[in-house]
Amino acid sequence: MINNQVIAMYDVRGIQDYIFRTSKLKDAIGASSIVENIIEDALRSAVDDVKENMSLIASLEWYDDKGPFEYDDHQINDIQVLYIGGGNAYIRFRDRELAVEVSKRMSRYTLNNTYSLQLATAIISKTNNYYTDYKNLRDEMTKVKDGMKVSKPLDALPIVDVEAKTGFPITLSGISKESQLKKDAADKVRKNLNLSKKMFDSYVEQKGESSMLAVVHIDGNNMAQRIKELIEGIDNYTAAINTIRKISFSINNSYKKVFEEMHMLFNTNREKDKWWLMKVIVAGDDITYVCNAKIALATVEYFCKRISQYGMLESEGNKYKFTACAGVSFYNSHFPFNIAYGVAEACCDSAKDRAKEEKYKDNELVGNWMDFQFCRSVQALNLNKLRNEEYITSRGEKLLKRPYYIPSEELQKESTRFKELEHKTISFEELKNEIKYFLDENNIPRSFTKDLRNTYPLGEEQVEILKAFLLSRAKNDKNKAYLNKMYVGDDEQKGTKIATFYDALEVLDYYQDLEEILKEVQA
C-alpha cells in the first residue's frame, strides 16, 4: 500500500476576484465568510460522503490551539492532511483512486457553496524524498492551472435577464445565485454581531456629517522566500512536514492573533452597534479590513509593531521575524467598495516596492512599511498614473513623501539599518510628529494649515509667499525653524524637491494617535 500512496495539492482559483468584484461591502464580507475555510469544509464533506461507501482511517486535523501535531511518515492512514497554508492544502492518500474520489466531491462542494469558484487539483505519486515531491507537485499544479478551462455556471438564456456585476442569470429573488449566497452569508455575519444598522452606518463617525471610511490591506513580506530557505534541501518527509507545519501554524496563528487583538482593542468601550473595525478577510498573512477613517493609520501602526514580535521559527532568531506592508484607502461610504479595495492593494504594492529597495533593507530582511491614498474618483485605481499627474507640480516638485517606514522595537534592537530609518523623513514617527505639530493651534491656526495644504500644489513660489506670512505670525524660534522646512530633497532624483508637510496636512482630519487610543482603552 505504501508504494501506491499519492500526494494531492488543492488550490481554489479566483478567491480575490470572488470577494472583491462587488461595489458593496456587505457582499464582500459575505463572500469572505463563504470562502474562509472552503478547502477544509470541502474536504470534511467529501470524506464524510466517501465514508458512507467504504471504511476509512482519516486524519484531517494537523494542529490545535497549542500548536501543530507531530507528523510521522510511517504512520499509515487512508487520508492524512499534511498541512494547509498559503491558500493551499497538501494531503496524502493511500492510492490515486481514493484521491480522485475525494477530489471530485471536494470540487462539487466548492461549486455548490460558492456558485462560481473552481478547485484546482494536482496529484503525484509519493516517493521517500519530500523536496523532490514538493517541487514536482508545484510543477504539476502549474500545468493543471495552465490547462484548466475557466468554466462558469450555465449561462443565461436569451429570454433571461443577467446581473450586471456578475454576468450570471437573475433568479426569482431578483439577483444571481452567487449574489444570493453572499447576501445570506453577510446576513448571518450581521446576526452574529447583533448589528441592527446597515454595516456602513456602524463605522462612520457620524452619519450625514462624517462618513469617511478606510480599507486597509496588509500583506506579509518575503514569505515565500523565507519558507523556501527553511525547507530547501530537506529530503526526509517526517522532518520536512514537521518543519512546514510549524511554519504554517506560526504564520496563521500569529497574524490571526494580532488581528484579533487589534479588533478587540479598537472596538473596546464602543457603544452598542458602534463598530469601528470589521474583518473582511484574514487568510494567513493576507489581511483586509474596513474601519473608521480616523483610526486607520493607528491600526496599521499597531499591527506592524505587534506582528514583528513573532517569527516563523523562534529558534532561528531575528532573521525570520515577521514584517508586513500595508495600504490604506480613505473613501466616502458611498464610494464603490471594490475600487477602494483596489486602491488599498495598490498602496500596499507601493509600500512593498519601497521596502525592497536595497538602501532600505538589512540584507534580505524587509521592514514594515505603509502607504495611503484618498479616493476622490475612480481614477485613483491607477495609482501611479494619478500620482504622476496630480501630485507633481508644474515645476516638478513632488507633493508626496509616502510610503513610510514603521519602526518596530523588535527589529530596531537587531538592525542598525532599521534604527537609522527611524529618524529619516520617511519614518512614520516623523509623519506623526508633523501631524501633531499642525493639530496644535498654539503652533499654527487651523485655517492656515488648510491654506498651506492648498498652496503646495501651486508650486514653490506660492509656498514661499505663504511661508513668509506664516513666519511673521510665528510665536517663537522653534515654530520658525519648523516652518522653514517646507521642502526636503529627493534622494533618488537629485535637485528635485518634495513637500515636507503635504502628507501630514492631507491626513490631518483623519488621524487619531495610537498612544491616546491605548490610554482611553486602559482607563
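Which residue in E11 does valine 215 stand opposite? The close-up views below come from a predicted model, and the first of them holds the reply.

**View 1. Strand E8 and its partner E11.** Valine 215 stands opposite serine 329 in E11. Strands E8 and E11 run antiparallel, and nine bridges join them.

**View 2. Strand E8 and its partner E10.** Here strand E8, residues 212–220, meets strand E10, residues 286–292. Their pairing is antiparallel and extends over seven bridges.

**View 3. The whole open sheet.** Stepping back, you can follow six strands in the order E9-E10-E8-E11-E12-E13. Together they form an open sheet with mixed pairing. Which strands stand at the edges? They are strand E9 (277–283) and strand E13 (404–405). Each has a single partner strand, so one side of each is left without a neighbour in the sheet.

**View 4. A helix lying across the sheet.** Helix H9, residues 296–307, lies across E8, E9, E10, strand E11 (324–332) and strand E12 (369–374). Compare its direction with that of E11: H9 runs at about 165° to this strand.

View 5. Look for threonine 288 in strand E10. Is threonine 288 buried or exposed? It is buried, with a relative accessible area of 0%. Leaving aside residues up to four places away in sequence, threonine 288 touches Phe20, Val215, Val216, His217, Lys279, Val280, Ile281 and Tyr341.

**View 6. Tyrosine 90 and tyrosine 134.** A search of the whole structure finds 27 aromatic pairs. The rings of tyrosine 90 and tyrosine 134 have centres 6.3 Å apart and planes at 35°, so this pair is tilted. Tyrosine 90 lies in strand E6 (residues 88–93) and tyrosine 134 in helix H5 (residues 130–147), so the pair ties together parts that are 44 residues apart in sequence. Tyrosine 90 counts as buried at 4% relative accessibility, whereas tyrosine 134, at 21%, counts as partly exposed.

**View 7. Tyrosine 130 and tyrosine 237.** In this pair the ring centres of tyrosine 130 and tyrosine 237 are 5.4 Å apart and the planes stand at 90°, so the pair is edge-to-face. It links distant parts of the chain, with tyrosine 130 in helix H5 and tyrosine 237 in helix H8 (residues 237–266), 107 residues apart. Both tyrosine 130 and tyrosine 237 are buried. Ring pairs link Tyr83, Tyr90, Tyr130, Tyr134 and Tyr237 into a cluster.

**View 8. The buried side of helix H15.** Which residues of helix H15 (residues 446–455) are buried? They are Phe448, Thr449, Leu452 and Thr455. These residues cover an arc of only 130° around the axis, which puts them on the same side of H15. Helix H14 (428–439), helix H16 (460–473) and helix H18 (502–507) are among the elements that cover them.

**View 9. Isoleucine 444 in a loop.** Between H14 and H15 runs a loop, and isoleucine 444 is found there. Isoleucine 444 is buried, with a relative accessible area of 2%. Not counting residues up to four places away in sequence, isoleucine 444 touches Tyr437, Phe438, Thr449 and Leu470. Aspartate 64 makes a contrast: its C-alpha atom is separated from that of isoleucine 444 by 55 Å, and the two residues are 380 apart along the chain.

**View 10. Cysteines without a disulfide.** How many disulfides does the count give? The count comes to zero. For cysteine 348, the nearest cysteine sulfur belongs to cysteine 325 and is 5.9 Å away, while a disulfide needs the two sulfur atoms within 2.5 Å. Cysteine 375 is in no disulfide either, and the nearest cysteine sulfur, that of cysteine 347, is 7.5 Å away. Cysteine 348 is buried at a relative accessible area of 2%, and cysteine 375 is buried at 8%.

Conventions:
Residues numbered from 1 in each chain as written. Predicted model: local features only at pLDDT ≥ 70, side-chain atom pairs only at ≥ 80, totals over all residues. Heavy atoms only, no water. Buried < 20%, exposed > 50% of the residue type's maximum accessible area, 1.4 Å probe, protein only. Helix = DSSP H or I, 4+ residues; strand = E, 2+ residues; numbered from the N terminus. Arc of directions from axis to C-beta. Contact = heavy atoms within 4.5 Å. Pairing = 2+ DSSP bridges. Axes fitted to C-alpha atoms, helices over the stretch in contact; angles between N-to-C directions. Phe/Tyr/Trp six-rings, centres within 6.5 Å; stacked < 30°, edge-to-face > 60°.
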